[in-house]
Every structure is written in C-alpha cells, then in structure tokens.
Amino acid sequence: MRIAMIGTGYVGLVSGACFSEFGVDVVCVDKNEAKIACLNDGEIPIFEPGLDDLVANNVKAGRLSFTTDLGPAVQAADAVFIAVGTPSRRGDGHADLSYVYAAAREIAENMDGYTVVVTKSTVPVGTGREVEKIIRETRPDAQFDVVSNPEFLREGSAINDFMRPDRVVIGTKSEKAREVMRQLYRPLYLIETPIIFTSRPTSELIKYAANTFLATKITFINEIADLCEKLDADVQDVARGIGLDGRIGRKFLHTGPGYGGSCFPKDTLALVRTAQDAGSPLRIVETVVDINSRRKKAMADRIIAACGGSVDGKTIAVLGVTFKPNTDDMRDAPSLDILPALAAAGADLRAYDPEGMKEAREMIPGVQWCDTAYETMGGANAVTILTEWNEFRMLDLARVKRLLKDPVMVDLRNIYNPTEMAQVGFRYHCLGRPFAEPAAVAAAVAEPV
Ligand code: NAD
Ligand code: UGA
C-alpha cells in the first residue's frame with residue numbers, strides 16, 4: 001500500500017509516521033519548504049512526545065519520506081490524504097476551506113489510476129461533495145472516490161491516540177474505497193478497534209459533534225467551578241462525584257482557564273455557523289462559545305484580584321503558556337488573552353514554558369522570557385500557573401516562597417492542594433475550591449480541637 005499525505009503538520013506528520021509504522025509506504029508532502037528541509041535533515045518541526053524516534057525509525061526503514069513535490073507522490077499513491085489546515089475564516093467563523101480545495105485541485109492534476117482521496121482535515125458537512133466536484137471538473141477522466149476519515153488524536157498524546165483510537169470513522173458509499181480503507185486500518189482491526197462505516201456527511205458531522213460535545217463538557221464543569229466558589233463547595237469532588245457515573249464519565253471534567261488549542265475554538269464556532277445556515281441553530285454550542293471566550297478574558301481579572309486589586313507596577317511570574325502540556329502549540333491558548341490583559345493593567349511579565357516559548361515570543365510581545373520556573377519567580381509579586389506541565393506539579397514550595405516577594409500563587413489548573421498551600425504560608429487561589437486562609441490554617445494546626 002502506498003499513500004501520500006498532503007499537509008505535514010500535527011495531523012499529517014503524526015498520521016503519516018503511524019501509517020508507515022503499520023508497514024504502509026508513506027510520502028508526506030508540504031508546501032512549506034523550511035518544514036520539509038527540516039524533516040529531511042532528521043529534525044522534527046513540532047514538539048510531540050515520541051515522534052522523533054517514530055519518524056527516524058521509519059525513514060531509516062525506507063517507508064517514510066518528505067517532499068514539496070506533490071506530483072510524483074500522488075501519482076504513485078493508492079490513497080491520498082488531505083491533512084491541511086482548516087482555520088476559522090476571518091470575519092464569519094466558518095471553516096476556511098481554501099487549503100482543502102487547493103489541495104484537491106493539485107491532487108486531481110496528478111492522479112494516476114484509481115485513487116481514494118481521503119479528507120482527514122476537519123471539514124464541514126458537504127466538503128467531501130465539493131472536493132469530488134473539484135476533482136471531477138479538473139479531471140473528467142479520473143477514477144476516484146472521495147472518503148471522509150476524520151482524525152480524533154490529541155496533541156501531546158497523538159501517537160498513542162492514533163495507534164490505539166477509541167474508534168475509526170470512515171464515510172463513503174463506495175465498496176471499493178471501503179476496501180482500501182480496510183486495508184490501511186488493518187492493524188487496528190486486529191486490536192478490535194471499532195470501525196464505523198457511514199455516509200460521508202455523517203462522518204463529517206461526527207467529527208464536529210465529538211469536539212463540540214467535549215468543549216461543552218469542559219464548559220459545564222467550568223461553570224460548576226464558578227458556582228462552587230459561591231457555595232463553598234469543591235469542584236474536584238463534584239467532578240469525581242458525577243464522573244463516576246458511567247453515563248457521564250470522568251474524562252474532560254477538569255476545570256481550567258477555558259479550552260484553547262487549534263481545534264475546539266475553531267470547530268465549535270464552525271459548527272455554530274453550519275447549524276445557523278441549515279436553519280437548525282445549536283443554542284447550547286452558541287452559549288459554550290460565548291462562555292469560553294469570556295472565561296479566558298476573566299482569568300486576568302482573577303489574577304489581578306489575587307494581587308490585591310491592582311498589578312500596576314507589579315511583577316507577575318507566569319508558568320506555562322501553551323494551551324495544554326506536552327505540545328509547543330500556541331494556537332488559541334488562554335495565555336494569548338491573559339498575558340496582554342495583565343500587561344495592559346500595568347504588570348511586568350516574566351514567563352517560562354518548557355516547549356512553547358519559541359512561538360510565544362513572537363505572539364506575545366513585552367514579556368521577559370526565562371530559562372527555568374525558578375528563575376521566572378525570582379522577585380515576583382505573584383506566580384500564576386497557566387499550563388499543567390509535569391515540572392510545575394512538584395515545585396519546591398519553600399524555595400518558591402523564598403523567591404517570591406509576596407507568597408501569592410494563582411493556579412488556574414488546580415494542581416496543588418489548597419490546605420497544604422495555606423500551611424506552607426501561601427495565599428493560594430485556584431478554581432472552584434474553597435480558599436484556605438494561611439493564618440486560619442496555621443491557627444487550626446496550632447490548636448487542634
Ligand atoms: P497544521 O497547520 O499543523 O498543518 C497543516 C499543514 O498543511 C501546514 O504545514 C501547511 O503548510 C500544509 N499545507 C497547506 N496547504 C497545502 C497544500 N496545498 N499542499 C501541501 N501542504 C499544504 O494543521 P494541523 O493541526 O495538522 O490540522 C490539520 C487538520 O486536521 C485541521 O483540519 C484540523 O482541524 C484537523 N485536526 C487537527 C488535530 C490537532 O491536534 N492538531 C487533531 C485532529 C484533527
Ligand atoms: C482535541 C480533542 O481532544 C481531540 O480528540 C481532537 O482530535 C482534537 O481536539 C482536534 O480536533 O484537533 P487537543 O486540542 O489536542 O484535542 O487537546 P485536548 O486535550 O482536547 O484539550 C483541549 C483544551 O481543553 C485544552 O486547552 C485543555 O486544557 C482543555 N481541557 C481539556 C480542559 O480545560 N479540561 C479538561 O478536562 C480537558
């Protein structure tokens with residue numbers, strides 16, 4: 001089996017490398033010459049755990065290669081995957097499909113013999129039909145089928161998600177195309193991964209429905225966290241208490257500063273627009289989009305409140321700027337709202353992220369970037385944790401307290417225990433859990449009842 005992967009970003013590179021690990025011959029194509037040169041030099045342009053070894057092993061085995069030259073890669077392929085970006089279109093929030101359609105045209109010009117064209121990019125319902133039309137118009141003689149095969153991997157655990165997915169969704173009515181897809185995913189059949197064969201529009205919608213549902217679940221627990229703060233309840237116990245109900249499930253009930261990343265924000269918005277256009281609005285999702293964007297902005301106010309109502313002239317140490325740990329991706333990260341708001345309120349910002357600083361430096365001006373978490377905190381008036389990288393989970397708290405001017409921590413990922421933090425003497429602010437007064441805790445410890 002030979003495939004061409006058009007677009008060598010987070011999804012194209014991971015999927016391409018994983019298919020090659022299954023034994024498929026894969027050529028990854030990208031227009032970005034610097035990216036392909038980097039890969040051909042043995043370097044990985046993104047941070048994704050385990051990807052460097054996976055790529056190196058398969059390049060060495062001769063099953064994986066990289067090129068900017070789409071033509072030969074497509075001519076030789078049994079299946080061509082479209083894995084280009086589908087960002088929000090400026091102005092209206094619909095998915096921008098210009099990269100998908102451009103790729104479809106280039107594929108059509110180069111197809112040779114029966115070819116399965118697979119949309120792996122997240123695309124609105126009807127895109128497969130449009131891709132088919134473009135190919136048909138460009139090459140009336142071509143023999144092909146267009147299949148929808150959305151990708152459900154997460155950044156940071158992308159290889160495991162691809163190799164051991166909860167399910168694979170394949171949208172096509174063509175039995176010939178199904179057979180090609182069955183062959184490609186054969187190793188997953190062997191580990192009994194559920195494979196859902198359905199129509200193309202249904203498959204396209206499944207992807208949006210999945211992302212939107214997860215974004216809704218996160219937004220629900222974020223609102224419950226706000227309520228917990230008013231009612232002196234603990235959101236983590238609530239999440240556990242409801243999550244142990246198998247009908248609800250424990251995953252994606254961790255409160256935070258609002259979901260970010262390259263997909264939830266753009267996909268929720270795109271589905272809202274699709275539903276409005278179809279005359280069947282999704283009011284829940286419209287509300288989720290609104291709550292989440294307000295929440296990201298409101299996080300800066302929380303930090304300011306924790307600093308006594310003003311950060312003017314104060315130094316704030318920021319730990320983590322990526323939208324989640326184990327990625328260098330900064331797309332729609334909450335830090336992009338929070339840091340500029342703190343700077344506008346007069347704060348001096350010092351920040352550190354294990355992998356995200358290269359990109360963040362260009363996106364967030366006016367920040368002093370540091371080499372370690374401890375360097376960031378030296379002389380600061382408060383520290384805030386925006387991303388739950390493992391290295392922030394076990395900080396030497398006595399050292400942190402010595403380094404900070406004021407012992408104030410605003411933990412937007414709830415990775416520390418409020419009572420323990422108060423015992424160490426921190427004014428520890430987190431999300432949806434009762435605030436423990438450092439002095440009150442100290443007194444309770446001194447005089448047990
Ligand atoms: P990305 O921006 O990281 O990569 C896209 C790549 O496509 C870029 O390198 C770009 O140069 C290349 N490209 C664009 N047009 C091209 C063309 N005509 N020929 C060759 N290369 C071209 O994007 P991504 O994060 O990998 O996302 C790709 C798609 O997958 C999106 O639709 C996204 O919603 C979806 N998706 C992403 C994730 C994720 O975790 N990032 C997960 C599931 C699905
Ligand atoms: C998400 C989905 O989980 C993938 O299934 C999907 O393939 C992908 O989008 C996509 O379509 O691109 P990803 O964006 O990589 O994956 O990361 P997630 O782990 O889903 O996190 C997204 C955001 O939600 C992050 O900002 C994270 O901090 C936040 N989150 C997640 C929470 O605030 N609480 C949670 O309990 C879980």
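**Values and definitions**

Author: Lys120 is buried, its relative accessible area being 2%. The model is a predicted one, in which local features need pLDDT of at least 70 and side-chain atom pairs count only at pLDDT 80 or more, while totals for chains, interfaces and linings use all residues. Residues are numbered from 1 along each chain as its sequence is written, chains are lettered from A and ligands numbered from 1 in the order in which they are written, and side-chain values use heavy atoms, with hydrogens and water left out.

Reader: Why is Lys120 called buried?

Author: Buried means under 20% relative accessible area, exposed means over 50%, and partly exposed lies in between (1.4 Å probe, protein chains only). Lys120 has 2%, so the residue counts as buried. Glu151 has 10% relative accessibility and therefore counts as buried too.

Reader: What makes Lys120 and Glu151 a salt bridge?

Author: A salt bridge is a side-chain nitrogen of Lys or Arg within 4 Å of a carboxyl oxygen of Asp or Glu. The closest N and O atoms of Lys120 and Glu151 are 2.9 Å apart, so the pair meets the definition. Lys120 lies in the loop between β5 (115-119) and α6 (127-138), and Glu151 in the loop between β6 (144-148) and α7 (158-163), so the pair ties together parts that are 31 residues apart in sequence. Here helices (H or I, at least four residues) and strands (E, at least two) are DSSP runs, numbered from the N terminus. In general, side chains of opposite charge can pair when their charged atoms come close.

Reader: What makes Asp141 exposed?

Author: Asp141 has 55% relative accessibility, which is over 50%, so the residue counts as exposed. Asp141 forms a salt bridge with Arg139, with 2.9 Å between the closest N and O atoms. The structure holds 20 salt bridges, and a network of them links Asp226, Glu229, Arg295 and Arg302.

Reader: How do you know that Lys35 makes a polar contact with ligand 1?

Author: A polar contact is a pair of N or O atoms within 3.5 Å; within protein, one must be able to donate a hydrogen and the other to accept it, and residues adjacent in sequence count only if both atoms are side-chain atoms. An N or O atom in the side chain of Lys35 is 2.6 Å from an oxygen atom of ligand 1, so the pair qualifies. A polar side-chain atom of Lys266 lies 2.7 Å from an oxygen atom of ligand 1.

Reader: What is noted about the phi of Phe252, and why is Phe252 called partly exposed?

Author: Phe252 is not a glycine, yet has a positive phi of about 60°. Phe252 lies in the loop between α11 (235-243) and α12 (264-277). Its relative accessibility of 29% lies between the two cut-offs, so Phe252 is partly exposed.
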